[in-house]
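This report describes a set of computed structural features for the model shown below.

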Amino acid sequence: MTIRDKNIDLGWFERHILTDILPVWLHHSPTSNGFFLSHFDEHFKLMNDNTGTLVSQSRMIYNFCMGYNLTGDPSYYMGAVKGADFLINNFYDKKYGGYFFSCDSDGNVIDELKFSYGQVFVIFGLAHICRLTGEQKYKQAAIQALDELDKFFGDEFGGLYWYMSRDFKPTCDFKSQNSLMHLYEALLVLAELDGMSYILEKAQTVAEFVLKLSRPSSGLLPELFDVEWKEKFDAPNSRIDIGHAFEWAYLLSAGVERGLPDRFLTHAENFLEYGIELGYDSEQGGIYSPAEPKTLNVVQTKNWWEQTEAIRAMLNFYFSREHKELFEPLSRTIDFVKNQMIDPRNGGWFSKIDDKNDQHLQLKGFPGKNYYHIMGMAMEAIRIKKIVSN
């Protein structure tokens with residue numbers, strides 16, 4: 001850590017989380033039995049939907065763990081603990097194993113679908129609550145979730161099935177790198193628990209599998225594949241996901257910081273480079289995503305989560321890896337977020353901005369938008385600020 005640039009206000013991220021984000025979610029989201037509410041309109045008023053998913057429940061466990069770490073407020077601690085207990089007691093399928101995709105606030109199963117993307121977030125959330133509390137039951141639940149992921153979702157190629165039936169029969173004709181990316185993320189956390197350092201080897205294997213999915217000539221990582229992990233160009237939602245390029249750039253760098261091979265940095269830098277080349281708006285700041293897989297034409301929409309992943313990756317590489325050329329896109333993307341993505345009237349973040357008509361999608365919360373991405377960005381800024389200040 002050698003760069004000390006006072007033009008980037010690292011303290012803003014912590015102030016934003018502590019003042020504008022965490023208190024709002026603490027007030028609105030947790031329930032007495034541990035279920036986290038997720039559906040909120042533009043005023044943070046609860047909408048008429050009390051469904052939660054593996055993703056929303058697990059991400060909120062992470063958010064509340066970070067909330068306690070930052071504030072020491074026991075409300076966050078108890079929220080995280082109750083949330084983890086609700087996850088284990090209500091989402092887990094006691095007959096077939098694995099976790100149901102969604103439940104309501106009373107613990108009734110809404111969707112019996114088994115979804116690898118959700119299962120990996122279970123590992124992520126449980127690893128964080130174990131790290132917070134030291135309770136071995138959470139570690140054991142995380143290990144069990146990982147074992148069942150390997151047993152039921154693992155395919156013969158080294159990847160994961162996407163959707164499966166309750167009794168673990170594949171139900172779709174495509175696969176995605178997205179579950180693998182978040183599995184890698186979850187494994188980095190799990191490996192930090194006592195006696196779990198061996199999990200880093202599995203994280204390395206996952207990363208190496210995904211890196212082989214990149215296009216040989218350009219290093220671009222497609223999002224969707226067929227059942228044999230060949231790129232699907234014409235399926236709905238086929239794309240080059242620019243947000244995930246930034247996310248992989250950060251996660252690979254974070255893995256190297258934890259002891260994974262330095263060669264991962266070459267791939268991380270490639271992800272970062274093409275993320276900026278394809279997605280960065282040099283006129284207004286901010287990140288567009290995704291890109292059409294054949295032409296690489298980029299959708300002129302700026303979603304909230306892509307901004308956070310771009311900022312997190314650029315923070316890491318600017319401060320930790322001396323990529324001084326990132327100052328302009330980093331600082332301008334931060335300014336874009338402050339001026340355009342944050343709702344000055346009602347609080348929270350807009351979901352997206354479409355430059356064609358400058359419309360802001362108003363909803364402040366839904367199961368895929370519960371500020372886990374914002375929290376991750378802020379925690380990286382807070383980490384860097386501590387190092388820079390020493």
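## The enclosed cavity

In this predicted model, the largest cavity has a volume of about 30 Å³. The search of the whole structure finds 1 cavity of 30 Å³ or more. Its lining is formed by Ile21, Leu22, Trp25, Asn63, Asn370, Tyr371 and Met375.

Helix α1 (residues 11-28) provides the largest share of this lining, with 3 residues. By class, the lining of the largest cavity comprises 5 nonpolar residues, 2 polar residues and no charged ones.

## The largest pocket

The largest pocket holds about 670 Å³ of space. It is lined by 30 residues, of which Tyr117, Trp162, Asn178, Arg239 and His244 are the closest to its centre.

Helices α2 (54-71), α6, α8 and α10 each contribute at least two residues to the lining of the largest pocket. Which helix gives the most to this lining? The answer is α10, with 3 residues. The lining of the largest pocket divides into 14 nonpolar, 10 polar and 6 charged residues.

## The second largest pocket

About 550 Å³ of space lies in the second largest pocket. Its lining consists of 27 residues, and those closest to its centre are Tyr62, Arg131, Tyr250, Arg258 and Met379. By class, the lining of the second largest pocket has 13 nonpolar, 4 polar and 10 charged residues.

At least two lining residues come from each of α2, α4 (116-133), α6, α8, α10 and α12 (372-389). Helix α12 gives the most to the lining of the second largest pocket, supplying 9 residues.

## Salt bridges

Side chains of opposite charge can pair when their charged atoms come close. The structure holds 24 salt bridges. One of them joins Asp155 to Lys175, with the closest N and O atoms 2.7 Å apart. Asp155 lies in the loop between α5 (136-153) and β5 (163-164), and Lys175 lies in strand β6 (residues 175-176), so this pair ties together parts that are 20 residues apart in sequence. Are these two partners buried or exposed? Asp155 is buried, because its relative accessible area of 11% is under the 20% limit. Lys175 likewise counts as buried, at 1% relative accessibility.

Arg321 forms a salt bridge with Glu257, the closest N and O atoms being 3.7 Å apart. This pair links distant parts of the chain, 64 residues apart: Arg321 is in the loop between α10 (304-320) and α11 (327-341), and Glu257 is in helix α8 (residues 242-257). Arg321 is partly exposed, with a relative accessible area of 23%, and Glu257 is partly exposed at 36%.

Arg239, one of the residues closest to the centre of the largest pocket, forms a salt bridge with Asp241, at 3.1 Å between the closest N and O atoms. Asp241 is buried, with a relative accessible area of 6%. Elsewhere, Asp93, Glu112, Lys114 and Arg166 are linked in a network of salt bridges.

## Helix α6

With 14 of its 14 residues buried, α6 is largely enclosed by the rest of the structure.

At the start of α6, a side-chain oxygen of Ser176 comes to within 3.0 Å of the backbone nitrogen of Asn178. Asn178 is also among the residues closest to the centre of the largest pocket.

Ser56 counts as buried, at 0% relative accessibility. The side chain of Ser56 reaches the backbone nitrogen of Thr53 at 2.9 Å.

Definitions and conventions:
Residues numbered from 1 in each chain as written. Predicted model: local features only at pLDDT ≥ 70, side-chain atom pairs only at ≥ 80, totals over all residues. Heavy atoms only, no water. Salt bridge = Lys/Arg side-chain N within 4 Å of Asp/Glu carboxyl O. Helix = DSSP H or I, 4+ residues; strand = E, 2+ residues; numbered from the N terminus. Buried < 20%, exposed > 50% of the residue type's maximum accessible area, 1.4 Å probe, protein only. Polar contact = N/O pair within 3.5 Å; in protein donor to acceptor, adjacent residues only side chain to side chain. 1 Å grid on protein atoms, 1.4 Å probe; cavity = no way out; pocket = protein on both sides within 12 Å on 5 of 7 lines; lining within 4 Å. Points joined across faces, edges and corners; volume = space filled by probe spheres on them. Nonpolar A, V, L, I, M, F, W, Y, C, P; charged D, E, K, R; others polar.
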